[in-house]
Amino acid sequence: SHPSMVSGLAAHCLANEIKLPDLREVRTLGESGDETLQSLCRQAWGVPVVDMYTCQEAGYLALQCPEQPHYHVQSENVLLEVVDEQGRRCAPGEVGRVLITSLNNFATPLIRYEIGDYAEVGEACSCGRGLPVLKRIMGRYRNLLMLPDGTRRWPRLGYQGGLRDIAPIDLMQMIQCDQTHIDVRLVMPRRLSAAEQENLTGFIRKNLGYPFSLRFEYVDGIRNPANGKAEQFISRLGPAPS
């Protein structure tokens, strides 16, 4: 399932003391996860999270190694390249744009197709599989935060763990309107109290690294109806310049 859905299920099980003794692992896809989701699933169910990197155009791109936290590119089905802004291939430790060439789509060939993601190249894996390694899947261009000085980075606020310590927030989505303003959309059973809004404001500003002007909005849902995804951060400022 999507990490945002897994987070909600884990929180529900913790709150209601629901045990799933036969569960062996949680598999995620479609959204970027992080270590807070791993911790939440360990706490709720005592199982690991195994992530899959996929796209609608070519299916499975990379699967998490059974022995390491990084990903193995599924080279039998796709040629995946990670390149910098000048189109040069990235070395291990470098972050770049993801290009894919599908090896089994003969009806609609995709050759060096840019899917809009950034990823970090990893070192060769010790597991012996020999497949190319991606250390991290960073996210889409549209998920990049821009600071007032022009710096771009991925905001990481965790999967609702810290948010639920502040207020009963089911889902939160931030939309950057310009370089100093962010709309915060909340799915929750009630409105924030004054103290909760102050605490949430401080939490967001600390994690984003700048005292953005925040406007809070209460909505019934934030999931994309086409694919069920709940993106935590969306920028309206356009992609990073090439």
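How many disulfides does the structure hold? It holds 0, where a disulfide is a pair of cysteine sulfur atoms within 2.5 Å.

1. Basis. This is a predicted model: local features need pLDDT of at least 70, side-chain atom pairs count only at pLDDT 80 or more, and totals for chains, interfaces and linings use all residues. Residues are numbered from 1 along each chain as its sequence is written, and side-chain values use heavy atoms, with hydrogens and water left out.

2. Cys 13 is in no disulfide; the nearest cysteine sulfur, in Cys 41, lies 9.7 Å away. Cys 13 is buried at 9% relative accessible area. (Buried means under 20%, exposed over 50%, partly exposed in between, with a 1.4 Å probe and protein chains only.) The sulfur of Cys 65 is 3.9 Å from that of Cys 127, its closest, which is too far for a bond. Cys 65 is buried too, at 5%.

3. Main core. The largest nonpolar core has 20 residues; Met 172, Ile 182, Val 184, Leu 186 and Leu 200 touch the most other members. (Such a core is a set of buried Ala, Val, Leu, Ile, Met, Phe, Trp, Tyr and Cys residues joined through side-chain atoms within 4.5 Å.) Leaving aside neighbours within four places in sequence, Leu 200 has contacts that include Leu 163, Met 172 and Phe 216; contact means heavy atoms within 4.5 Å.

4. Second core. A separate core of 17 residues includes Tyr 71, Val 82, Val 121 and Ile 137.

5. Is Ile 18 buried or partly exposed? Ile 18 counts as partly exposed, at 31% relative accessibility.
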